[in-house]
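Here are my notes on this one, as numbered points. Have the model open while you read.

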Amino acid sequence: MENWINNINKKKDFLTVSLRYLESDSISREIYLTEKSAEQIIWYNAESKVGKIKEHFLRRGNEIKNIKIPIKNCY
């Protein structure tokens with residue numbers, strides 16, 4: 001029973017993130033949602049000078065928070 005509950009919660013989390021992504025109109029921007037076996041990934045392209053990538057992470061992180069997609073890790 002516990003295994004079923006965990007599996008359903010994982011699927012629910014993925015569906016929630018997917019729905020928020022679709023409702024946010026992010027498809028028109030360069031933000032992509034991809035599922036891997038052990039995790040879900042939100043990917044975007046950015047180019048920056050050495051040492052300046054932090055600004056891109058902060059800006060994109062705020063965009064993702066504004067459309068209410070939870071982030072557990074970023075790199």
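Is Asn 45 buried, partly exposed or exposed? Asn 45 is partly exposed, with a relative accessible area of 45%; buried here means under 20% relative accessible area, exposed over 50%, and partly exposed in between (1.4 Å probe, protein chains only).

1. **Ground rules.** This is a predicted model, so local features need pLDDT of at least 70 and side-chain atom pairs count only at pLDDT 80 or more, while totals for chains, interfaces and linings use all residues. Residues are numbered from 1 along each chain as its sequence is written, and side-chain values use heavy atoms, with hydrogens and water left out.

2. **Overall layout.** The protein chain has 2 helices and 2 strands, in the order α-β-β-α from the N terminus. Helices (H or I, at least four residues) and strands (E, at least two) are DSSP runs, numbered from the N terminus. Of the 75 residues, 19% count as buried. The chain exposes about 6600 Å², with carbon and sulfur atoms supplying 56% of that; the areas come from the Shrake-Rupley method with a 1.4 Å probe, and for residues only the protein chains shown count as cover. Take the contacts between residues at least 6 apart in sequence: 36% of them join residues at least 24 apart, a contact being heavy atoms within 4.5 Å.

3. **Helix 1.** This helix covers residues 2-23. Its 22 residues reach 31 Å from first C-alpha to last, close to the 32 Å expected at 1.5 Å a residue; the expected span is 1.5 Å times one less than the number of residues. Val 17, Ser 18 and Tyr 21 are its buried residues.

4. **A nonpolar patch.** Met 1, Trp 4, Ile 5 and Ile 8 make a nonpolar surface patch of about 530 Å². Patches are made of residues with over 30% relative accessible area and no salt bridge: like charges are joined within 9 Å, nonpolar side chains (Val, Leu, Ile, Met, Phe, Trp, Tyr) within 5 Å. Ile 5 lies in helix 1 and is partly exposed, with a relative accessible area of 47%.

5. **Helix 2.** The 14 residues of helix 2 (residues 53-66) should span 20 Å, and the end C-alpha atoms are 20 Å apart, which agrees. Buried here are His 56, Arg 60, Gly 61, Glu 63 and Ile 64. They cover an arc of only 160° around the axis, which puts them on the same side of helix 2. Turned away from that buried side are the exposed residues Lys 54, Leu 58, Lys 65 and Asn 66.

6. **Salt bridges.** How many salt bridges does a search of the whole structure find? There are 2, where a salt bridge is a side-chain nitrogen of Lys or Arg within 4 Å of a carboxyl oxygen of Asp or Glu. Arg 59 pairs with Glu 63 at 3.3 Å, N to O; they sit 4 residues apart in helix 2, about one helical turn. Arg 59 is partly exposed at 43% relative accessible area. Glu 63 also bridges to Arg 60, with the closest N and O atoms 3.5 Å apart. The shared partners join Arg 59, Arg 60 and Glu 63 into one network. Glu 63 and Arg 60 are both buried.

7. Ala 46 counts as partly exposed, at 36% relative accessibility. Neighbours within four places in sequence aside, Ala 46 is in contact with Ile 53 and His 56. From the C-alpha of His 56, that of Ala 46 is 6.8 Å away and that of Asn 45 is 9.4 Å away.

8. **Positive phi after each helix.** Most residues other than glycine have a negative phi. Lys 68, in the segment after helix 2, has a positive phi of about 60° although it is not a glycine. Lys 68 counts as exposed, at 58% relative accessibility. Helix 1 is followed by Asp 25, whose phi is positive, near 65°.

Terms used. The arc is that of the directions from the helix axis to the C-beta atoms.
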